[in-house]
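Subject: Model for your files, with notes

Hello,

The structure is pasted below, and my notes follow it. Please read them with the model open.

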Amino acid sequence: MDIIDQLIKDLESIRIKKPLVHNITNFVVMNHSANVLLSMGASPVMAHSLREVQDMVSLASALVLNIGTLEPKWIKAMIKAGKNAKCPIILDPVGSGATPYRTETSKLLLNKLKITVLRGNASEILSLVSEKATTKGVDSVHSVDDAIDIAKSIAKEYNGMIVAVSGKDDFITDGINSYKCSNGHPLMPLVTGLGCGLTATVGAFCAVQKNYLLATAEAHCFYGICGELAGEKAKYPGSFNIEFINALNYCGENEIKRLAKLEAI
Amino acid sequence: MDIIDQLIKDLESIRIKKPLVHNITNFVVMNHSANVLLSMGASPVMAHSLREVQDMVSLASALVLNIGTLEPKWIKAMIKAGKNAKCPIILDPVGSGATPYRTETSKLLLNKLKITVLRGNASEILSLVSEKATTKGVDSVHSVDDAIDIAKSIAKEYNGMIVAVSGKDDFITDGINSYKCSNGHPLMPLVTGLGCGLTATVGAFCAVQKNYLLATAEAHCFYGICGELAGEKAKYPGSFNIEFINALNYCGENEIKRLAKLEAI
Amino acid sequence: MDIIDQLIKDLESIRIKKPLVHNITNFVVMNHSANVLLSMGASPVMAHSLREVQDMVSLASALVLNIGTLEPKWIKAMIKAGKNAKCPIILDPVGSGATPYRTETSKLLLNKLKITVLRGNASEILSLVSEKATTKGVDSVHSVDDAIDIAKSIAKEYNGMIVAVSGKDDFITDGINSYKCSNGHPLMPLVTGLGCGLTATVGAFCAVQKNYLLATAEAHCFYGICGELAGEKAKYPGSFNIEFINALNYCGENEIKRLAKLEAI
């Protein structure tokens with residue numbers, strides 16, 4: 001099946017199955033990521049207590065770990081949830097490279113858990129292999145092109161873990177096969193949490209598509225298309241965010257066929 | 001006085017008195033619940049530290065407890081606030097039934113505190129009496145009809161505590177007298193925290209109307225009407241949420257008289 | 001240079017330099033404050049762990065401390081970040097006066113750290129010198145006029161710290177020189193976190209303008225103008241908030257020249 005047809009089919013599956021996506025994520029984006037998942041058709045739950053993550057993840061079809069607004073207790077919960085997960089695990093190393101704590105935690109989670117998909121911006125991904133790479137807070141100071149080779153080598157190092165580097169173009173690889181997605185809109189970085197919402201979206205697609213490389217590529221394409229749809233209707237970040245949430249709900253076959261820019265490379 | 005006229009009068013009281021509603025609620029909805037309360041005319045405050053909940057609740061006209069994104073420390077704070085409350089206490093057992101931790105905490109709070117109103121979806125309410133009932137994350141997998149008898153028996157067990165079961169229709173009972181509300185809109189479950197915002201709204205109405213059964217029924221009717229008003233203006237979840245917040249502000253006598261579907265049963 | 005021209009120039013600097021503003025702020029407003037900063041052109045980061053605040057603040061051009069939803073651990077993090085800050089520190093004593101814990105914490109931070117700008121509503125500022133002043137939750141029960149003399153005396157007591165009292169009119173002083181800003185819109189208090197977002201905005205202006213009294217005055221004027229621009233487009237709190245975020249992005253020379261009401265007094 002053609003990759004675009006498969007995306008349309010998998011999006012439909014999300015809307016029919018409403019997979020439960022368990023998020024252990026940061027305080028800034030909890031509300032937004034929940035709305036992202038709800039609007040596209042998935043069923044989000046946020047739970048981080050050591051007392052319940054094991055039970056919650058047992059119900060989930062995907063586990064999304066996000067290290068923004070990190071605290072030691074949350075890392076323990078992420079590890080406990082991850083160790084007990086029977087579903088794909090998506091890791092967003094928010095701000096890795098900005099502080100040693102975030103970089104070390106990202107590496108710790110990569111080493112302690114079997115991460116299915118690692119998704120970050122170029123600076124975050126580069127920080128995982130280089131002491132020199134730095135991040136300005138949570139925003140990337142590198143281009144995706146800078147990170148392609150590193151992404152491939154990380155994917156190989158972790159036995160075919162999917163690595164997705166997001167930016168103007170997105171690069172998604174398992175170390176051998178790769179996709180490039182060119183969807184997206186310049187207003188997206190002006191809304192907080194849109195990167196985190198993409199990670200949650202990868203979770204939703206991995207919940208319905210067991211080829212996780214493909215699922216991750218599809219998620220990037222769908223999410224970027226929704227950004228473009230929002231950009232057709234809104235000029236400024238406040239309205240853009242609302243139109244983006246709307247688009248996650250109405251975007252379907254027509255919009256995807258019109259706008260998708262996703263290719264195997 | 002007719003129940004609809006009483007609702008209009010009590011809503012007016014909220015807008016005049018601006019009652020302080022103290023929320024100990026989950027991270028996902030804090031911002032949204034605060035905006036729900038502000039827009040309708042109440043005055044929200046969020047405070048959860050053991051160091052200040054006793055002082056804060058002493059200023060409040062209602063206390064709203066919500067167990068989403070639960071942690072042990074927060075349970076202690078809920079109990080401390082509840083023990084010191086001189087005002088009505090509203091409990092939202094978010095996700096009760098999904099994990100033992102949430103179910104047990106809901107029961108603990110019901111037993112340790114004099115809860116005035118318990119408000120949840122059908123799965124959450126059922127979980128409080130049955131080991132079999134399960135919840136899919138925080139979304140209901142049962143209909144309100146399944147929960148009516150259980151709601152009545154819980155209300156009686158807790159000496160006339162108000163129990164409200166929300167869904168397509170809402171059922172509100174003190175075990176003897178009951179109301180049914182049929183307001184609401186299908187987009188409401190696609191915005192995160194709308195259930196939690198309803199619980200906060202019950203708090204606002206209980207702050208101005210001492211017949212708590214009536215206050216709870218009024219809150220459900222008002223909230224559902226605002227959902228319908230939003231649905232008249234918006235087709236998708238992002239815009240719907242904004243129009244819903246708007247409606248909480250402008251909804252008044254005309255809208256309530258036109259749309260209210262609330263009856264004693 | 002004229003003060004309005006300087007505001008236009010400093011806003012332009014924010015948009016060019018995109019200063020990193022490190023926020024240790026409350027759960028209610030984290031998402032909103034991040035969007036406020038992003039939309040105007042700054043680069044927000046939220047980080048509160050004792051394990052990383054020292055590293056994060058070393059990258060920042062401003063540190064914003066906000067005591068809403070306070071907890072002991074967060075106070076320690078605020079002190080650690082503040083002690084290590086090489087940049088201006090802005091303090092928002094949210095709800096000071098409502099509980100002893102908040103009032104004491106505000107005083108503790110003022111005494112332990114070299115605060116550059118203190119920004120609050122009249123009740124919050126008054127609470128810092130008077131046992132009698134009280135706050136209703138987080139909303140002011142005093143007018144700015146009540147607080148002018150107190151603001152001046154606090155500014156002097158803390159060696160020329162800038163004190164900003166926000167309300168219908170805003171009053172900004174270093175104890176000797178003062179500004180009055182009359183921009184703003186009546187819907188602003190109906191959106192949660194708009195005060196906190198103003199504090200974050202003061203951080204962004206202090207990051208690019210070393211005359212911190214001027215920077216604080218400029219921030220209030222810019223922020224109030226954006227409120228007025230939003231009020232030209234929206235009648236209710238939900239839409240108002242979206243239009244406000246939009247305005248932070250598009251407000252420039254034309255809007256500022258048309259609407260600014262800022263004067264040295």
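In chain B, B:V163 has B:T173 of strand β7(B) as its bridge partner. The two strands involved are β6 (residues 162–166) and β7 (residues 170–173) of chain B, which pair in the antiparallel sense over 3 bridges. Two strands count as paired if DSSP finds at least two bridges between them. Strands (E, at least two residues) and helices (H or I, at least four residues) are DSSP runs, numbered from the N terminus.

Before the rest, a note on the source. This is a predicted model, in which local features need pLDDT of at least 70 and side-chain atom pairs count only at pLDDT 80 or more, while totals for chains, interfaces and linings use all residues. Residues are numbered from 1 along each chain as its sequence is written, and chains are lettered from A and ligands numbered from 1 in the order in which they are written.

The sheets

β6(B) and β7(B) belong to an open sheet of 9 strands in chain B, with the order β2-β1-β3-β4-β5-β6-β7-β8-β9 and mixed pairing. Its edges are β2 (43–46) and β9 (262–264) of chain B; each has a single partner strand, so one side of each has no neighbour in the sheet. From one strand to the next the twist averages 20°. (Angles here run from 0 to 180 degrees between N-to-C directions, and axes are lines fitted to C-alpha atoms, for helices over the stretch in contact.)

Chain A also has an open sheet of 9 strands, ordered β2-β1-β3-β4-β5-β6-β7-β8-β9, and the pairing is mixed. At its edges stand β2 and β9 (262–264) of chain A, each with a single partner strand, so one side of each is left without a neighbour. Here the twist averages 20° from one strand to the next. Within this sheet, β1 (residues 20–24) and β3 (residues 62–66) of chain A run parallel and are joined by 4 bridges. A:I24 stands opposite A:L65 of β3(A). Helix α4 (residues 72–84) of chain A lies across β1, β3 and β4 (89–92) of chain A, at about 150° to β1(A).

A helix pair in chain A

How do α8(A) and α9(A) cross? The axes of α8 (residues 194–206) and α9 (residues 212–233) of chain A come within 8 Å and cross at roughly 130°. The two helices are therefore oblique to each other; angles under 35 degrees count as roughly parallel, over 145 as roughly antiparallel, 65 to 115 as roughly perpendicular and the rest as oblique. On the α8(A) side the contact is made by A:L198, A:T201, A:V202, A:F205 and A:C206, and on the α9(A) side the residues include A:Y212, A:A215, A:H220, A:F222 and A:Y223. Residues are in contact if their C-beta atoms, placed from the backbone, lie within 7 Å. By class, this contact has 9 nonpolar, 3 polar and 1 charged residues. Ala, Val, Leu, Ile, Met, Phe, Trp, Tyr, Cys and Pro count as nonpolar, Asp, Glu, Lys and Arg as charged, and the others, Gly among them, as polar.

How the chains meet

Chain C can be laid on chain B by a turn of 120° and a shift of 0.0 Å along the axis, with an RMSD of 0.0 Å. That is the relation of a three-fold axis. Copies are superposed by least squares on the C-alpha atoms of residues with pLDDT of at least 70 in both. In chain C, the C-alpha nearest the axis belongs to C:F27, 3.8 Å from it.

Between chains C and B, 28 residues of chain C are in contact with 27 residues of chain B. On the chain C side, α2 (30–40), α5 (100–112) and α10 (237–250) each supply at least two residues, and the largest share, 4 residues, comes from α10(C). That side has 14 nonpolar, 10 polar and 4 charged residues.

The contact of chain A with chain B takes 27 residues from chain A and 28 residues from chain B. On the chain A side, α10(A) gives the most, with 7 residues. The residues of that side divide into 15 nonpolar, 8 polar and 4 charged. Only 11% of the interface residues of chain A are also interface residues in chain B, so the copies meet through different surfaces.

Regards

Notes. Two residues are in contact if their C-beta atoms, placed from the backbone, lie within 7 Å.
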